[in-house]
Amino acid sequence: MKHIPLVDVEIHYVLIDLTTFITLQGAKQRFQFLEKKGKSMMAVRKIRQFDDDFDTKVFVNEAMQIYIDTHKALVDFDEDKLHELVTERAYPLVINERKNRTLRWQFIRSIEPPTVVHARTTDIITKENIFAQVTVRFHTKQTLAVYDRFGRLIQGSEVVARDVLEYVVFEKHVANTYGTWRIHDKIVPDWMPPRQPIRRTYRMDDVEVEPVEEEEAVVTKEDAKETVAAASS
Amino acid sequence: MAASTRHIFGWKALPSLLSQMSNSLVRIPVATLSRPLFTNRTLAPVAGKLKLVSNLHTSACCAVGIPQGPRKFLKNNDVVYPPTPFGEKERHAFVCHAKENIKYSPKKMWYIASLVRGMKIDDAINQLKFVHKKGAVAARETLEEAQALAVKEHNVEYKSNLWISESFVTKGMVIKGMRRHARRRFGTVRYRYCHYFVTLEEGEPPEHYYPHTRHLTGPEMLQQWMEDLRKRNIKFVI
């Protein structure tokens, strides 16, 4: 498909992607320019200081495997494995509302090969203590079905596959010899279409309904006596 | 008699406050003491923070602590059922809730629990508003909490689409006090607590919660009568 070339507007790159039909605005997408210039390039070089064999093309496949393994661990609810695949910051976000539910997830295929979109390194407290974060773009076909405690479908479908575009941030403590690449966060761009609504209805309690003031006929004691007198006479 | 009462209740351990107890309606419960007086029989088998390995007194009675509330019933809320297979009926949502240590006699609470059993949730709450009993307040709170829980945590869509499938009372702790009678006689006063359990299920309640106690319809009564007639037997005849 035809790609309209990138327009460099300060730091943000604006991409018109006709294949995926997503409305564009400042997307952090840099394809072929990543290797040539910019802070991401310097970050990759910094990572190579610690990890000699670090190559973005090899890394994306590893990242894809971590992504799939995380989903599988979430379905099985294997907490030990999840801690290996996901950082401490991301763990509560991943685990959120997982209990008392059954998940059925299937990875069908990758629509586009995963690409590294963004890379940064930073030092925490001391100058030598380097952490690296790399953002990978995944465009895949997946099925997800979420069932509640009683085995009733809450969300999704086991049969209908959906295209999933995600920007996943992987983090590694490169200064540590035993550091591993783990999922740190997910970036949801502004231009992403809204998610599928849940199947059941729910109350919006925070909306205050103003009471409608009607003119009520206040029947006082005198009026009641009058009506009784009128009826009797 | 006085000597025997001293032996049973551990007279020496009581403060002088008890000696000033009147014979009036005001009963001073022993709970105002630093520790409640428990006998073997009123203790729950597993109590407080210490677990009794056996039913022998391996430690002092007072170290056992206040008995814990119920434990098993609420575990029903953690059971996860597998997804319903294709073609089968969907399972109804349910939520188990309990209110523990209500200061009310279990025997009296039973009437309230029985009133509410098998009713729709809204009807039950409305009825309890007009039941002039102390336990009705606790029962109503339990039902309202259970209804909120069902919607929030157990994926129930409509809060009114619930009925009470289980409603029962169990005995809570019993604190014993004393009251005086005439002629140097003393009686025990039992301050009873109860636990109230409720299971709300999604859907329509059954027409008859107890099918065996329902009124028979006309044709059913006729059939019953005919069967009774046919069962008649003339004794000692070939």
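This passage walks through the two chains of a predicted model, from their overall build to a few of their residues.

Because the model is predicted, local features need pLDDT of at least 70 and side-chain atom pairs count only at pLDDT 80 or more, while totals for chains, interfaces and linings use all residues. Residues are numbered from 1 along each chain as its sequence is written, chains are lettered from A and ligands numbered from 1 in the order in which they are written, and side-chain values use heavy atoms, with hydrogens and water left out.

Chain A contains five helices and six strands, in the order β-β-α-α-α-α-β-β-β-β-α along its sequence. Chain B has five helices and three strands, and from the N terminus its elements read α-β-α-α-α-β-β-α. Residues are called buried under 20% relative accessible area, exposed over 50% and partly exposed in between (1.4 Å probe, protein chains only). Of the 233 residues in chain A, 35% are buried; of the 238 residues in chain B, the buried share is 32%.

Next come some individual residues of chain A. Glu97(A) is not a glycine, yet has a positive phi of about 60°. Glu97(A) sits in the loop between α4 (91-95) and β3 (102-123) and is exposed, at 55% relative accessibility. Ile125(A), also not a glycine, has a positive phi of about 65°. The loop between β3 and β4 (130-147) holds Ile125(A), which is exposed at 87% relative accessibility. Lys57(A) belongs to helix α2 (residues 56-76) and is exposed, with a relative accessible area of 65%. Between the C-alpha atoms of Lys57(A) and Val169(A) there are 16 Å, and along the chain the two are 112 residues apart.

Rings of Phe, Tyr and Trp (its six-membered ring) pair if their centres lie within 6.5 Å; planes under 30 degrees apart make a pair stacked, over 60 edge-to-face, and the rest tilted. Over all chains, this gives 16 aromatic pairs. In chain B, Trp110(B) and Tyr111(B) form an edge-to-face pair because their ring planes stand at 80°, with the centres 5.2 Å apart. Trp110(B) is partly exposed at 46% relative accessibility, and Tyr111(B) is exposed at 53%. The rings of Tyr209(B) and Tyr210(B) are also edge-to-face, with centres 4.9 Å apart and planes at 80°. Tyr209(B), at 30% relative accessibility, is partly exposed, as is Tyr210(B) at 39%. In chain A, one aromatic cluster is made up of Phe54(A), Phe59(A), Tyr67(A), Phe138(A), Phe170(A) and Trp181(A).

Patches consist of residues with over 30% relative accessible area and no salt bridge, like charges being joined within 9 Å and nonpolar side chains (Val, Leu, Ile, Met, Phe, Trp, Tyr) within 5 Å. A salt bridge is a side-chain nitrogen of Lys or Arg within 4 Å of a carboxyl oxygen of Asp or Glu. Lys103(B), Lys108(B), Lys133(B) and Lys134(B) form a positive surface patch. Within chain B, Lys133(B) lies in the loop between α3 (121-129) and α4 (134-153), and is partly exposed with a relative accessible area of 37%.

Conventions:
Areas by Shrake-Rupley, 256 points an atom, 1.4 Å probe, with all protein chains shown as cover. Lys, Arg positive; Asp, Glu negative; His and termini not counted. Charge placed at Lys NZ, Arg CZ, Asp CG, Glu CD. Helix = DSSP H or I, 4+ residues; strand = E, 2+ residues; numbered from the N terminus.
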